[in-house]
Amino acid sequence: MNINATLIGQTIAFIVFVWFCMKFVWPPIINAIEERQKKIADGLNAGERAQKDLEKAQQEIAEQLKEAKQQAAEIIEQSKKRGAKIVEEETQRGHEEREKIVASGHEEVTAERNRVREELRKQVAVLAVSGAQKIIEREIDKDAHSDIVEKLVAEL
Amino acid sequence: MISGEQTPTQYIQHHLQNWTVGEGFWAVNVDTIFWSVLLGVLFLWSFRRVAKKSSAGVPGKWQCFVEMIVEFVDNSVKESFHGKDKLIAPLALTIFVWIFLMNVMDLIPVDWLPTAAMYGGYWLGFVDDPHDVYMKVVPTTDLNTTFALSLSVFALIIIYSIKYKGVKGFAKEMTFTPFNHWALIPVNFVLESITLLAKPASLALRLFGNLYAGELIFILIAMIGFWQLPAHFAWAVFHILVITLQAFIFMMLTIVYLSMASSEH
C-alpha cells in the first residue's frame, strides 16, 4: 500500500503503452474505420443516384411510348384518309374512263352505221338501177332516165 | 479459503500485501508491475493484430469488436475535445482498455492466482514457506498504478495548458481566476492550485478506492465457506458495472481535463 518505485515503473509502462498505441494501433484502425465509413456513404449515394436515374429513365420511356402511340395513331388516321381519297379518285377516274369508252364506242358505231348506210345506199342504188333497168330495159332509154334514177338513189 | 494456521485477519492481510522486492522508496511491487505490463501487452498485441490487417473491406469479428471500442473512444473524445490532437484519442483508448483489463483481474476468484503463486514459488524453491509468497493480482488496487496514471495525466494537463495558453496564459489563469483582481492573486493562486492538484488526486483515489473496496469484499466473501459461491457470483455481477464504469470515468475525466487545459476560458 506504500508509494514506492513501482510508481515510476508504472509511469514508464504507461508512457510506453500510450506511445505504442499512438504510433502503431490507433492510426491504422481509425483510418480503416473512416475509410469504410466513406465507402459506405459513397455506396449509399451511388445507390440513391442510380435510383433517381432509373426513375428518370422510366419517366422518359413512358413519355416516349406515349409519343410513339400518338404518332402511330396519326399515321393510321392519315393512311385511312389517303386510302379513302384514293378510292374516291379511282372511282371518279373509272367513271370518266367508262364514259369515254362508251362515247368512243358510240362514235364508232355511228361512223360504222353511216358507212354501212352509204354502202347500202350505193348497193340499193345499183340494185334499183339494175332492177329498174331490167324492168324498163325494154321501155326506156338508159341515158334518158338516169337523172330520175339518181334522184331515187339520193332519196334512199 | 483459509488454511488452518491463519486467522481471518492474517488471511486478509496476506491478500492485501504486495510482492515487494527492495527496501524503502526503491522497493518495487513486482506483482503489480508484472500483471499490469502483461495486461498492457495483451491489449496492445491484440489491438495491433487488428491494426496490421485492418482495411476498409469487410471486417472480421474480432476486428469489429476492436473497431467498436475504438469508435466508442473516438466518439467520446470528439464530444468533449474540440480541435485536432494526435495524442488524446490513443491516450484515452489506452487508459480505457488498460484500466478495464486491470480491473477485470478482480473477477478472478481471489484465491486462485495467489494460491498458485504460493505453491509455485514454494515448489520452485524460492521460499521456505508458501505463506511468504505475496501475490496481489489487481494492479489498480495498488496506489502506485493509479497514481502513475493520474500523475501522467496531470503532467499532460500542465503541458497542454502551457502549449495552448502559453506560460503567461497559464500563469494568468492560476492567479486571476476566479477573482479578476490583483489584490486577490494569493487567494486565486491557492484556489487554483487546489483545483489543479485535486484532479490527479481524485482520479487516482477514485479508481483505487472503488477497486480496493471491491477486492476487499471479494476477500471477505471468500471467507464465509460454501455460501461464498452464490455470494461471489452476485458481487461479481455487480462488480462488472464498477469495473467498466471506473475505466470509463477515468478515460472521460482525462479527456475533459485535457480539453479544459487546451481551451481558453
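pLDDT is the predictor's confidence in each residue, on a scale from 0 to 100. In chain B its mean is 88, and 97% of the residues reach 70 or more. So what you have here is a predicted model, where local features need pLDDT of at least 70, side-chain atom pairs count only at pLDDT 80 or more, and totals for chains, interfaces and linings use all residues. Residues are numbered from 1 along each chain as its sequence is written, while chains are lettered from A and ligands numbered from 1 in the order in which they are written.

**Confidence**

- For the complex, the predictor gives an ipTM of 0.90 and a pTM of 0.76.
- Within chain B, helix α4 (residues 88-104) has the highest confidence, at a mean of 95, and helix α5 (residues 112-123) has the lowest, at 83.

- Chain A has 2 helices and 0 strands; helices here are DSSP runs of H or I with at least four residues, strands are runs of E with at least two, and both are numbered from the N terminus.
- The radius of gyration of chain A is 61 Å, well over the 15 Å from the globule rule for 156 residues, so the chain is more spread out than a compact globule. (That radius is taken over C-alpha atoms, and the rule is 2.2 Å times the number of residues to the power 0.38.)
- Along its principal axes, the C-alpha trace of chain A spans about 195 × 20 × 15 Å.
- The cut-offs use C-beta atoms placed from the backbone: a residue is buried with 20 or more other C-beta atoms within 10 Å of its own, exposed with 12 or fewer, and partly exposed in between.
- A:E119 sits in helix α1 of chain A, and its 10 C-beta neighbours inside 10 Å are why it counts as exposed.

- An unreviewed UniProt entry puts a "transmembrane region" at residues 6-26 of chain A. UniProt positions follow the numbering used here, feature names are shortened, and annotations may be inferred rather than shown by experiment.
- In the model, residues 6-26 of chain A are 100% helix and 0% strand, with end C-alpha atoms 27 Å apart.
- The unreviewed entry also lists a "coiled-coil region" at residues 40-82 of chain A.
- That span, residues 40-82 of chain A, is 100% helix and 0% strand too, and its end C-alpha atoms lie 62 Å apart.

**Chain B: the overall fold**

- Chain B has 8 helices and 2 strands, arranged along the sequence as α-β-β-α-α-α-α-α-α-α.
- The C-alpha trace of chain B spans about 70 × 55 × 35 Å along its principal axes.
- Of its 265 residues, 34% are buried.
- Among contacts in chain B between residues at least 6 apart in sequence, 68% join residues at least 24 apart; a contact means that the C-beta atoms, placed from the backbone, lie within 7 Å.
- UniProt (unreviewed entry) lists "transmembrane region" at residues 25-45, 87-105, 143-162, 207-227 and 233-258 of chain B.
- Two of these spans in the model: residues 87-105 of chain B are 89% helix and 0% strand, with ends 27 Å apart by C-alpha, and residues 143-162 of chain B are 100% helix and 0% strand, with C-alpha ends 28 Å apart.

**Chain B: a couple of residues to look up**

- B:W227 lies in the loop between α7 (185-221) and α8 (228-261) of chain B, and counts as exposed because it has 9 C-beta neighbours inside 10 Å.
- B:L196 is in helix α7 of chain B and is partly exposed, with 17 other C-beta atoms within 10 Å.

**Where the chains meet**

- The contact takes 28 residues from chain A and 40 residues from chain B.
- On the chain A side there are 20 nonpolar, 5 polar and 3 charged residues. Nonpolar covers Ala, Val, Leu, Ile, Met, Phe, Trp, Tyr, Cys and Pro; charged covers Asp, Glu, Lys and Arg; the others, Gly among them, are polar.
- The largest nonpolar core has 65 residues, and those with the most contacts inside it are A:I29, B:A92, B:L93, B:I95, B:F96, B:W98 and B:I99. Such a core is a set of buried Ala, Val, Leu, Ile, Met, Phe, Trp, Tyr and Cys residues joined through C-beta atoms within 7 Å.
- Leaving out residues up to four places away in sequence, B:W98 touches A:F17, B:L39, B:G40 and B:F43.

How values were computed: Two residues are in contact if their C-beta atoms, placed from the backbone, lie within 7 Å.
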